[in-house]
Amino acid sequence: MAKERIVVKIGSSSLTNDKGEIDQAKLMDHVQAIAALRMAKHEVILVSSGAVAAGFARLGYSSRPVTLKGKQAAAAVGQSLLIQTYIEKFSPFNITPAQLLLTRSDFSNQERYQNAFATINELLERGILPIINENDTVSVEELTFGDNDMLSALVSGFVHANQLIILTDINGIYDGNPKSNPEAKKIHYIKEITDEMIAVTDATGSKVGTGGMKSKLLAAKTAVSLGVPVFIGTGTGDDKLIEVLDGKGNGTYIAKHNFGTINTRKQWIALHSESVGKLYIDNGAEEAILFNGKSLLSAGVIEVKGTFTKGDVVEVFGTKGFLGKGQVKCSSNDLQLDIDSRGVETLEIPIPSTEVIHRDAWVESREMKEELT
Ligand SMILES: Nc1ncnc2c1ncn2[C@@H]1O[C@H](COP(=O)(O)OP(=O)(O)O)[C@@H](O)[C@H]1O
Ligand SMILES: N[C@@H](CCC(=O)OP(=O)(O)O)C(=O)O
């Protein structure tokens, strides 16, 4: 099999027990399976949950804390215990782990985003195993990734992974929560995750997990839209991850979209950047950027809202509404001057139409394009 880049996400319930401790046997099983993937020459990035679940007992709690400070303190204790255990258990396989703790703001800042990308690539090139978790101790609740399922989806898009494997305590997605509905049936393959599917899926997880199957489906939707196929399930033994790649995994396979891969800059614009302004454009410009593969020129901009400078991201609206997002090459002031100069006959040399958003910095809304087609 050719060398592939695999992101493996392991949930809290698959690493810890209900008492707030690391389950050494469960963790060892994953370590052996990851080592087998590496032996088969695959590149692996591990997104590991479990910091809160591994730390609360040592912190003196009898169950998973519910307060923010309790969870953050438990994560501070548990994260170091987790990494210490990974270092010990990977050592006989000559695998060196590297810890990366990320926050949502590391992704929304373009420079930090690019730095994280470069660091992960450097680690992979040097044969290190990146182990990623959210930096729970400093994350503000409103500004988190939501959960590690979403973090693993964003990471898998970001590193252009060939496969995202989400390991959990259940062997796939069922058409109901099997813990409350014994009649629920397993779904082996999903061609497309629909909104209805997400709406009926339960957000109840295990005692230590976050988000249940709903957060996994939402994450899978993001990953497949970025061109990464997803597996959600379980397994035991050294070969469980190799079996997933061979199509024999114990879980649910979700097909990727066939829109091709989206480069890192466009992923940043689409998923992580904050829009600081709005541009309203005319019919001709709409046609040019949606259907003729052109960049957006100032001549097509009718109205500017908000204050922005070169490099900021803005939302673009056309005749029927939201068309997409792009990174601008000029400030809102310059663009407004350009609009105001139109039709002013006293200007001897008219201001030439300038490029406002280059094609390479433009991400269109697929829904709107389909509607207008
Ligand atoms: N439709 C469903 N199919 C499978 N599991 C489901 C479903 N709905 C809810 N669940 C629950 O989701 C749990 C896994 O979620 P969670 O505990 O958050 O996992 P993790 O800690 O691995 O991220 C399962 O134990 C199961 O009880
Ligand atoms: N960052 C948190 C995990 C959050 C999370 O999404 O947990 P899980 O649902 O078990 O993957 C921690 O390490 O405790």
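## Domains and model

The domain assignment of the protein divides it into domain 1 (5–261) and domain 2 (274–372); such bounds come from an automatic or database domain assignment. Taken over C-alpha atoms, the centres of domain 1 and domain 2 are 39 Å apart.

This is a predicted model, in which local features need pLDDT of at least 70, side-chain atom pairs count only at pLDDT 80 or more, and totals for chains, interfaces and linings use all residues. Residues are numbered from 1 along each chain as its sequence is written, and chains are lettered from A and ligands numbered from 1 in the order in which they are written.

## The eight-stranded sheet

An open sheet of eight strands has the order β3-β4-β2-β1-β5-β9-β10-β8, with mixed pairing. Helices (H or I, at least four residues) and strands (E, at least two) are DSSP runs, numbered from the N terminus, and two strands pair if DSSP finds at least two bridges between them. At the edges are β3 (97–102) and β8 (189–190), each pairing on one side only. Strands β1 (residues 5–10) and β5 (residues 163–167) run parallel and are joined by five bridges; V8 has I165 in β5 as its bridge partner.

Contact between two residues requires C-beta atoms, placed from the backbone, within 7 Å. Axes are lines fitted to C-alpha atoms, for helices over the stretch in contact, and angles run from 0 to 180 degrees between N-to-C directions.

## The six-stranded sheet

Six strands make up an open sheet of mixed pairing, ordered β12-β16-β15-β14-β11-β13. Because β12 (296–297) and β13 (301–305) stand at the edges with a single partner strand each, one side of each has no neighbour in the sheet. β12 is joined by two bridges to strand β16 (residues 355–364), and the two run antiparallel; L296 stands opposite I357 in β16.

Helix α10 (residues 264–272) lies across β14 (313–318), β15 (321–328) and β16, at about 85° to β16.

## Ligand 2 and the annotated site

Ligand 2 has 17 residues around it, of which S12, S49, A51, V52 and D147 come nearest; a residue is near if its C-beta atom, placed from the backbone, lies within 6 Å. Two or more residues of the shell come from each of α2 (51–55) and β4 (129–134), and α2 gives the largest share, three residues. By class, the shell has four nonpolar, 10 polar and three charged residues. Here Ala, Val, Leu, Ile, Met, Phe, Trp, Tyr, Cys and Pro count as nonpolar, Asp, Glu, Lys and Arg as charged, and the others, Gly among them, as polar.

An unreviewed UniProt entry places the feature "binding site" at S49, D136 and N148. These residues are spread over 100 residues of sequence but cluster in space, with a largest C-alpha distance of 10.7 Å. UniProt positions are given in the numbering used here, feature names are shortened, and annotations may be inferred rather than shown by experiment. S49 lies in the loop between β2 (43–48) and α2.
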